[in-house]
Amino acid sequence: MDRLDMWKFFHKLGSPPWFFSIAGAILRWLVPTTLFCLIVGYAWGLLFTAPDFRQGNSYRIMYVHVPAAVVALAGYYVMALAGAICIIWNMKMAEIAMRATAPVGALLTLIALVTGAIWGKPTWGAWWVWDARTTSMLILLFLYVGVIVLYETYENKSVGSRAAAILGLVGTVNIPIIYKSVDWWYSLHQPASITFTGGSAIESSMLYPLLLMITVFYSLFACCVLGNMRTSLIKRESRSSWVRTLVEEG
């Protein structure tokens, strides 16, 4: 794809009818595939992996906790990038993407925090500790919620989306802090078990279902964001001819 084709594709993304159509086509195969892989991943991780020699069966919650945390972090970058596009080019689809991503990211962060607390009780003997990783993840939740609240607070949605986008961009400094918190400060969390520069600290029979679940959570994230964007488009463009055509055909 040359530069001209890339710009054409970029402009197509700004077209509500085109995006609604292509997102629907993606969701038609992505949703069932994701649900199938979700069932396979959970069955694999919960039923067919051996208990950990130290933590017993309690470690199995990592098949929810780790994927939720990983995708919550990546989702913040997606939201921030959409916010940057919204500020620079005033692209309405970017604003919709930012708004659609924020609640999904907030939910994933909340899941990561709750499952981390459940996992922490038998492992650390406490539901919550104010260590660097858990505290920075809590800040991530506040940032997601802050983006949602800022947009909804302003009656002028253009001003609200700009304020939300600025907060999203400023909040990106928290992401590397979360990633490196276990290396920079004393933390009850162990260092990263999956690395791209060295061997994994997780036994392969436990690692493969975890990698599958991380992939599935990325797919779930995409399904939720695309679904949210399609819903927002229908509400925002309710008076447009292409929406009326959809209603008449549906």
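Predicted model: local features only at pLDDT ≥ 70, side-chain atom pairs only at ≥ 80, totals over all residues.
I began with helix H4 (residues 92–124) and helix H8 (residues 204–236), whose axes come within 9 Å and cross at roughly 135 degrees. That angle makes H4 oblique to H8, since roughly antiparallel would need an angle over 145. I noted the crossing of H4 and H8 as right-handed.

Next I looked up which residues make the contact. From H4 they include Lys 92, Met 93, Ile 96, Arg 99, Ala 100, Pro 103, Val 104 and Leu 108. On the H8 side I listed, among them, Phe 217, Phe 221, Cys 224, Val 225, Met 229, Leu 233 and Arg 236.

I then turned to helix H7 (174–184). Which residues of H7 are buried? I found Asn 174, Ile 175, Ile 178, Ser 181 and Val 182. Seen down the axis of H7, these buried residues fall within an arc of 140 degrees, so they line one face of the helix. I checked what they pack against, and the partners are helix H3 (62–89) and helix H5 (132–153).

Last, I looked at Thr 172, in the loop between helix H6 (157–170) and H7. A polar atom of the Thr 172 side chain lies 2.6 Å from the backbone oxygen of Leu 169. What does Thr 172 touch, leaving out residues up to four places away in sequence? I wrote down Tyr 76, Tyr 77 and Ala 80. Their numbers place these three residues in H3 (62–89), a helix that the buried residues of H7 also pack against.

Key. Residues numbered from 1 in each chain as written. Heavy atoms only, no water. Helix = DSSP H or I, 4+ residues; strand = E, 2+ residues; numbered from the N terminus. Polar contact = N/O pair within 3.5 Å; in protein donor to acceptor, adjacent residues only side chain to side chain. Contact = heavy atoms within 4.5 Å. Buried < 20%, exposed > 50% of the residue type's maximum accessible area, 1.4 Å probe, protein only. Arc of directions from axis to C-beta. Axes fitted to C-alpha atoms, helices over the stretch in contact; angles between N-to-C directions. Parallel < 35°, antiparallel > 145°, perpendicular 65-115°, else oblique. Left-handed = near helix turned anticlockwise from the far one by under 90°.
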